[in-house]
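Visitor: Could you take me through the features of a model and show me how each should be read?
Guide: Gladly; please look at the sequence and the structure first.

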Amino acid sequence: MRKLIPVVFLMVAAALFATGTAEEPQSITVLMDMNAAAFSDGTTMRTWGEEATDLEVEYLSLDLSDGSTLTMDALIAAGKAPDVYFDYIGRVSKYLVPEYAMPLQDKIDVSAFSGLAAFTRNGDVLGLPASGGAQGMAINLEIMGDIGYTVPDLWTIADFLEMADLVKQHYGGEKWATGMFAGNQSGDYLINNWFASFGAELYGDGYESTTIAEKGARVHDFFQHLVQQGYVPPGSATLVDDDYVIQWAKGDLAATAFFESWTKPYFDSVISQGLRSEPFEYTFVPFPRAQGVENVPTYMSYAAFVAHKDAPDAAADWIAGASGVEVQSRLLVELDQMPSRTDITAVNPNPRLAEITAIVQAGGIMDVGLTSPQFAAVRPQHYPVLQKVLNLTIEPQKAIEEYAARVNEALR
Amino acid sequence: MKFWLLGPAVAFCALFVLWPLGEVFWLSLNKSTYIVTEFIGLANYARAFASPAFLRSVLNSLFYVVLVTTLQIGIALIVTLLAMDLRKKWHDAVRIVFYVPMLSAGIIIAQVWRWVFHFNGPLNWMLGTEVAWFAQASTGIPAIAMIVSATGIGGAVIVFLASILAIDKSLFDAAVIDGAHRWQIKLHIVIPMIAPAIGAMSLLSAIMAPQVFETIYALAPYEYTATMTFRIYQDGFQSGRYGLAAAEAVVLLVFVLGLSVLKNRIQREA
């Protein structure tokens, strides 16, 4: 027994010595959506992180069941803010404030990123944009063939309504001209595209108050016309995004807002559920324009990174890699995303992306204040009003005034 | 020495009730995103009472209090008065049958009701209607109140049945000798005898009603069906206005305390 004691002592000493000299991998926490793997950048980011870095990354699960910033806020309130938060810019923007975010310009070469002004506060770059996608109006060519309609160049609201009537006559309520949902806040992209069609802008100069009431009543009037004529699915006031995307992928909507990056996963979903046997042909065109409207900008959504101000430098290293040329090139090609870097040379041969790019080049991107820290508070303000609009229980003018008042209250 | 025995209970209460209450009250005096917190006094309360959505939720909560309490206590009472005539072994069956829904998760029960109330669901099929039940307050609130009531009657049935079984049987015998019918006995002897239990269960039901959450979250997460609790969730977690949500939570606390005081006063005067 006595002979064993020195041996044990030596073993313990060796173990301690080994622990002391080995280089420990740096450890960070990253909060991002890992569930919607087929659409989100999450899988690529994670794969990249595991392949290319020696960081020990703990991925925290992001709850997006109501589209809010609930997970982040709960973590912050508990004193466990993640080192890196990667998510939809509309949620990340809330944290692009000096009190929370780490300035990145001294840790990462940010010269190749476009649109950095929106991420800059007092000269500090507090976050970085990742890849994303712009929307177009996805035209179901199967339906167009059935009703014998060809979408004209620069089509108008009158053209759209003509098409809508043909859809109604042909399908008798089995398929609809366009989609609509107001059961939750996630339909803002869809609604904002229609606001752009009528030249109504959420903001004028800056994000202090909204200008939506100036021209927005026409949009609500138009929505009520769609409901009254049966051009949108019944019960749209209580439908949610999950209903909408499946309606689209089933081929029930003739012309509606969609991202190209959504098409494959949702086609896969309806085919696996036996709701369709194969995808339908479609094409992207700009949203129709109301009389007197010269330019119709489109909605663009993208993801963004923010690091906590007290996070280790490894957090910035992780962001540098995840937003780098290699990863963004993969996202461009594999997930049909549009890069946020100007130095990407990879090319995606998908003709639908070319159509989206043409729409963006022609009309530009609409400004809905995605990078404003108040965006997350403003975003839920429309759907309660839209419910009343779609239920035909409020006048269009009164509805837009209520919406404007709610936005201004949220901005206070 | 004997007061020290209260220590654990007092400590538990202070840690898990009083301290969080104090935190909520303090938060209600601040504008907070959890990143930046700024003291603004009573401004959140002023903001809450100027908010049509919050005032709507207060009104909705009153509707839920009336509907849920009436339906829940009414149905439970009818069930119990019918069950009291059954043999003793069937009493246990009644208790189990009506209590099982209370053991199930509300969110799962709501999914069953979603199917019942669906546009193409069995309810519309039976009634021959095409109503989107949760698309407006006029049908949404009664539908939710009905679901909450149906799910929650088990507790009241157990309490009422226990109270009835505790009544001295000689009272029933005396009534029968005096020529009272079965329903006269129930109406004039049983119900007055279990009135304290009815009052207590009514109070619990009324306190629970403005706090209905998961049924609304699952079936009709909208302003026009929102209780105060759901509105607090919307303002706090969906819009990130935690100070405002905390102020609304304090108002809810006062609302529930008010109900308790009102009920006690009515019961005392009765």
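**Reading the patch, the interface and the salt bridges**

Guide: Leu18(B) is found in helix α1 of chain B, where helices (H or I, at least four residues) are DSSP runs numbered from the N terminus. This is a predicted model, in which local features need pLDDT of at least 70 and side-chain atom pairs count only at pLDDT 80 or more, while totals for chains, interfaces and linings use all residues. Residues are numbered from 1 along each chain as its sequence is written, chains are lettered from A in the order in which they are written, and side-chain values use heavy atoms, with hydrogens and water left out.

Visitor: Which element gives the most to the nonpolar patch?
Guide: A nonpolar patch joins side chains of Val, Leu, Ile, Met, Phe, Trp or Tyr within 5 Å, from residues with over 30% relative accessible area and no salt bridge, the areas coming from the Shrake-Rupley method with a 1.4 Å probe and only the protein chains shown counting as cover. Here the patch covers about 920 Å² and includes Phe12(B), Leu18(B), Trp19(B) and Leu257(B). Its elements with two or more residues are α1 (7-28) and α13 (242-269) of chain B, and α1(B) gives the most, seven residues.

Visitor: How many residues does each chain bring to the contact?
Guide: With contact meaning heavy atoms within 4.5 Å, chain A brings 27 residues and chain B 21 residues. The two chains bury about 2,000 Å² between them, 50% of it on carbon and sulfur atoms; buried area is the accessible area (1.4 Å probe) lost on being put together, summed over both parts.

Visitor: How many salt bridges cross the interface of chain A and chain B?
Guide: Side chains of opposite charge can pair when their charged atoms come close. The rule (a side-chain nitrogen of Lys or Arg within 4 Å of a carboxyl oxygen of Asp or Glu) finds three across this interface, including Glu409(A) with Arg241(B), whose closest N and O atoms are 2.8 Å apart.

Visitor: What does the salt bridge between Arg379(A) and Asp188(A) tie together?
Guide: In this pair the closest N and O atoms are 2.8 Å apart. Arg379(A) lies in the loop between α14 and α15 of chain A and Asp188(A) in helix α7 (residues 188-197), so the pair ties together parts 191 residues apart in sequence.

Notes. Patch = residues over 30% accessible without salt bridge, like charges linked within 9 Å, V, L, I, M, F, W, Y side chains within 5 Å.
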